[in-house]
Amino acid sequence: NRRFLLKRRPKGDPVPEDFDLVTEDVPSPPAGGFVMRNHYISLDPAQRGWMDDAPSYMPPIPLGDPVRATSVGVVHASDNPDYEVGQWVMGLNGIEEFSSVVPEHFTAKIDPTMVDSPARFLSAMGAVSLTAYFAMMEVAKPKEGEVLCVSGAAGAVGSVVGQIGKIHGCKVIGIAGGPDKCKRLIDDYGFDFAIDYRGKDRHALAKEIAKAAPDGLDIVFENVGGEVMEAEVMNLAHYARVVLCGLISEYNSVEKHGLQGLWRILTQRATIHGFLIMDYADRFPEGGAQIAEWMAEGRMRIDEDIYEGIENAYETFMRLFSGDKDGKLVLKVA
Ligand code: NDP
């Protein structure tokens, strides 16, 4: 059982020395639980936060434990008649080939015959699409004709956010890194405008946003923070809603900068709303059904970018921060 352990807490950008890849015996099933052979492991920006020893919505990953991760796999050995060997399952486990699972702990049975690949349970049917869905439907509440701007737009959450905006009749602006991703926003995801943020400060970016949205932004869906968010806030329309979903540009910075443009929130009477997907855990089936329906109707496209081998866990994880990936980042380990 190869396991990718957190050896020490990263300072700034994670480096290979912060982790250890160890080989251990495959565990026996815990009492009332089972051992799962992981096939696909989700790599998410949130994992960077869990590596820090700072107050958050979940305890930090203990040093010496595998990096916490959602995984999809098959029951390999079981001490629970409800979980037979061969059953597909998913849950919050770790970056490791085999996980010891107590079923009460965020575990769900899944049916991979419903989808073209079990990895879909980490993307389309997973927490990232559901984040986009619930944050849009319950917080942003898009209305026909409104202008939506989403950052991290070509990513797992952002690409779904923009498509939900289009389904609800919004004009959608996406901010992403590089010309290829910007092209994909228009060609693959049907956005109205795409803005490349690379190499631009907040003033240059704000000008580009203003060109695309002369009457301002009604909804800002924030995945990035920093200069990108500053530029968006400079363009808020009256009574705009800002959904604060993520601040990935700050996850590796030792000093967190926060927002400089608070005055603009006041003058525009805007609302900022923090969002955490965990709050909607009991409504996942409802969100998953809607996403599946939109996909079946050809109104939504969801992409995964799958890399292979647990020995590549570090390099693959770092793609979240370099942006060198398209769609939901997944590690295949079986
Ligand atoms: P993505 O698939 O969007 O991958 C991360 C992307 O972030 C990269 O591809 C890169 O895109 C962009 N990025 C990385 N570093 C920077 C930077 N310094 N400045 C600007 N862009 C950067 O990840 P997810 O869709 O999984 O997550 C997106 C956001 O949503 C994250 O902030 C995450 O924490 C948050 N999130 C929040 C949840 C919640 O419940 N609140 C749940 C799930 C996710 P590019 O090439 O365009 O730069």
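This is a predicted model: local features need pLDDT of at least 70, side-chain atom pairs count only at pLDDT 80 or more; totals for chains, interfaces and linings use all residues.
Biologist: How is the chain divided?

Modeller: Into domain 1 (2–123 + 303–332) and domain 2 (127–278). Their C-alpha centres lie 29 Å apart.

Biologist: And how many residues of domain 1 are in contact with domain 2?

Modeller: 14 residues of domain 1, which meet 14 residues of domain 2. On the domain 1 side, the touching residues are three nonpolar, six polar and five charged.

Biologist: Where does the ligand lie relative to the domains?

Modeller: Between them, because domain 1 and domain 2 both give residues to the shell around the ligand.

Biologist: How many residues surround it, and which are closest?

Modeller: 31 residues surround the ligand, and the closest are G155, A156, G177, G246 and G323. The elements giving two or more residues to that shell are α2 (127–140), α3 (156–167) and α9 (313–322).

Biologist: What is the shell like by class?

Modeller: 19 of its residues are nonpolar, nine are polar and three are charged.

Biologist: Changing topic: what does UniProt list for residues 12–331?

Modeller: An unreviewed UniProt entry lists them as "domain: Enoyl reductase (ER)". Over those residues the chain is 28% helix and 26% strand, and the end C-alpha atoms are 23 Å apart.

Biologist: Now the open sheet of six strands. What is the strand order?

Modeller: The order is β10-β9-β8-β11-β12-β13, and the pairing is parallel.

Biologist: Which strands stand at the edges?

Modeller: β10 (193–196) and β13 (271–274). Each has a single partner strand, so one side of each is left without a neighbour in the sheet.

Biologist: How much are neighbouring strands turned against each other?

Modeller: By 15° on average, direction ignored.

Biologist: Remind me what to keep in mind about the ligand.

Modeller: The ligand lies between domain 1 and domain 2, and G155 and G323 are among the closest residues.

Terms used: Residues are numbered from 1 along each chain as its sequence is written. Two strands pair if DSSP finds at least two bridges between them. Helices (H or I, at least four residues) and strands (E, at least two) are DSSP runs, numbered from the N terminus. Axes are lines fitted to C-alpha atoms, for helices over the stretch in contact, and angles run from 0 to 180 degrees between N-to-C directions. A residue is near a molecule or strand if its C-beta atom, placed from the backbone, lies within 6 Å of it. Ala, Val, Leu, Ile, Met, Phe, Trp, Tyr, Cys and Pro count as nonpolar, Asp, Glu, Lys and Arg as charged, and the others, Gly among them, as polar. Domain bounds come from an automatic or database domain assignment. UniProt positions are given in the numbering used here, feature names are shortened, and annotations may be inferred rather than shown by experiment. Two residues are in contact if their C-beta atoms, placed from the backbone, lie within 7 Å.
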